[in-house]
Amino acid sequence: MEDYITEGKAKIKSYQGKISKKLPVFYNPVMELNRSISVHILNSIDKNNMQIALPLAASGVRGIRFLKELKKRKIKTLEMNDHSPEAISLIENNLEINNIKSNKVSLHNKDANIFLLESNGFDYIDIDPFGTPNPFLDSAVKRIARDGILAVTATDTGALAGSFPKACKRKYFAKPLKNELKHEIGLRILIRKIQLMGAQYEKALIPVFSYAKEHYMRVFLKCEKGKKKVDEIIKKHDFYQDSGPIWLGQLWDKKLADNIYKQEKTDFLKTIRDEAKLDFLGFYDIHNLCKKYKIKQTPRFEDLIKKIKKEGYKVSRTHFKSEGLKTNIPLQKLLQMM
Ligand SMILES: C[S@@+](CC[C@H](N)C(=O)[O-])C[C@H]1O[C@@H](n2cnc3c(N)ncnc32)[C@H](O)[C@@H]1O
């Protein structure tokens, strides 16, 4: 059955039913934030007149939101592709519903890799697949332009976050972690894999905004070109605890994280803005520490944060885990405080 939904400024016809890839055309309302963040990023970066590609467009909701919510002059062309003919006719319908008759928009009904490889390249490519992005990474990396943004979603968190370590080795060439850091490490494994794909073509892919949420991981990478820049990226690939290799560098551009929060003031984006200011890896899980060291009363987070700051250390909450504190205070000192 079909249904109408409003998301951002778009009105979308989609199919009702259990969210699964068996739907005639896929639409997942849980991914609204994923799409909103794409809008905020494109509105924040210092780039106009962009050639935008959505190789796995499904209902077209992301493209229609771009057309309705991106600032004037941002879009030069917007190309939406899906290998499903039903998806393409739904996108046509959804463009009509939203009164969009722009000649900037074109639709393609091809395999995503063929669509990308037959193009001349794009300033923004969004790889938003079912499960792993692996089948599309090579062509996406080849077609992302200098200073362009490559956005990648992965929903195979079972592999990336340690439930299926063999799958992680096969798909991402790395060993995951199974402790409280599993989502952060998974995200860093995904980033390294994408960077390795870029490295072959002398493209340095620098994360500017990344997060793990619910069933998925998401990263936006800026593409710079040159052997030296790629070498700098590779230097930041290494093992961590019993996992890896992972990307050890930045997950966020601080200014961009601040800008995104200003555009949508949610707790989730505020936490990311705060943790983006701290450029180190990992966090302490305060509840786990209480259990492990038999601390009877879990301290109030706000009190602990104040105390840590007073001692001159950096600290913030982390979006990876509500029980987590990201701080550079040594463990022994933290335990004394607790
Ligand atoms: C997760 S959905 C995309 C969701 C969409 N980006 C959104 O924001 O709502 C994945 C889409 O990719 C399409 N797809 C899967 N494999 C493909 C391929 N090899 N080439 C082109 N489209 C493909 C599916 O038909 C499906 O519509």
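Q241 is partly exposed, because 13 other C-beta atoms lie within 10 Å, a count between the cut-offs of 12 or fewer for exposed and 20 or more for buried. This residue is found in the loop between β10 (237-240) and β11, and it has a positive phi of about 45° although it is not a glycine. The model is a predicted one. Its protein chain is divided into domain 1 (2-273) and domain 2 (280-337).

**Backbone geometry**

- Most residues other than glycine have a negative phi, and most peptide bonds are trans.
- K294 is not a glycine, yet its phi is positive, at about 50°.
- K294 lies in the loop between α12 (286-292) and α13 (301-310).
- K294 counts as exposed because it has 6 C-beta neighbours inside 10 Å, and the limit for exposed is 12 or fewer.
- The peptide bond that joins G244 and P245 is cis, with omega about 0°.
- P245 has its place in strand β11 (residues 243-247).

**The sheet**

- Seven strands form an open sheet with mixed pairing, and their order is β5-β4-β3-β6-β7-β9-β8.
- β5 (105-108) and β8 stand at the edges with a single partner strand each, so one side of each has no neighbour in the sheet.
- From one strand to the next, the twist averages 15°.
- β8 and β9 (residues 216-225) run antiparallel and are joined by 10 bridges.
- L205 has C223 in β9 as its bridge partner.

**Helices on the sheet**

- Helix α1 (residues 32-44) packs on the sheet, where it touches β6 (122-127), β7 (144-154), β8 and β9.
- The direction of α1 makes about 165° with that of β7.
- α8 lies across β7, β8 and β9, and its direction is at about 155° to β8.

**S44 and its surroundings**

- S44 lies in helix α1.
- Leaving aside neighbours within four places in sequence, S44 is in contact with L256, N259 and I260.
- S44 and A257 are 213 residues apart in sequence, while their C-alpha atoms are 9.7 Å apart in space.

**The two domains**

- The centres of domain 1 and domain 2, taken over C-alpha atoms, are separated by 32 Å.
- In the contact between the domains, 11 residues of domain 1 meet 10 residues of domain 2.
- On the side of domain 1 that touches domain 2, the elements giving two or more residues are α8 (182-199), β8 (203-213) and α11 (267-275).
- α11 gives the most to this side, with three residues.
- The residues on this side of domain 1 comprise seven nonpolar, two polar and two charged.

**The ligand**

- The ligand is surrounded by 19 residues.
- The closest of them are L56, A58, H83, A112 and D128.
- The shell around the ligand has 11 nonpolar, three polar and five charged residues.

Notes. Residues numbered from 1 in each chain as written. Predicted model: local features only at pLDDT ≥ 70, side-chain atom pairs only at ≥ 80, totals over all residues. Domains from an automatic or database assignment. Contact = placed C-beta atoms within 7 Å. Helix = DSSP H or I, 4+ residues; strand = E, 2+ residues; numbered from the N terminus. Nonpolar A, V, L, I, M, F, W, Y, C, P; charged D, E, K, R; others polar. Near = placed C-beta within 6 Å. Pairing = 2+ DSSP bridges. Axes fitted to C-alpha atoms, helices over the stretch in contact; angles between N-to-C directions.
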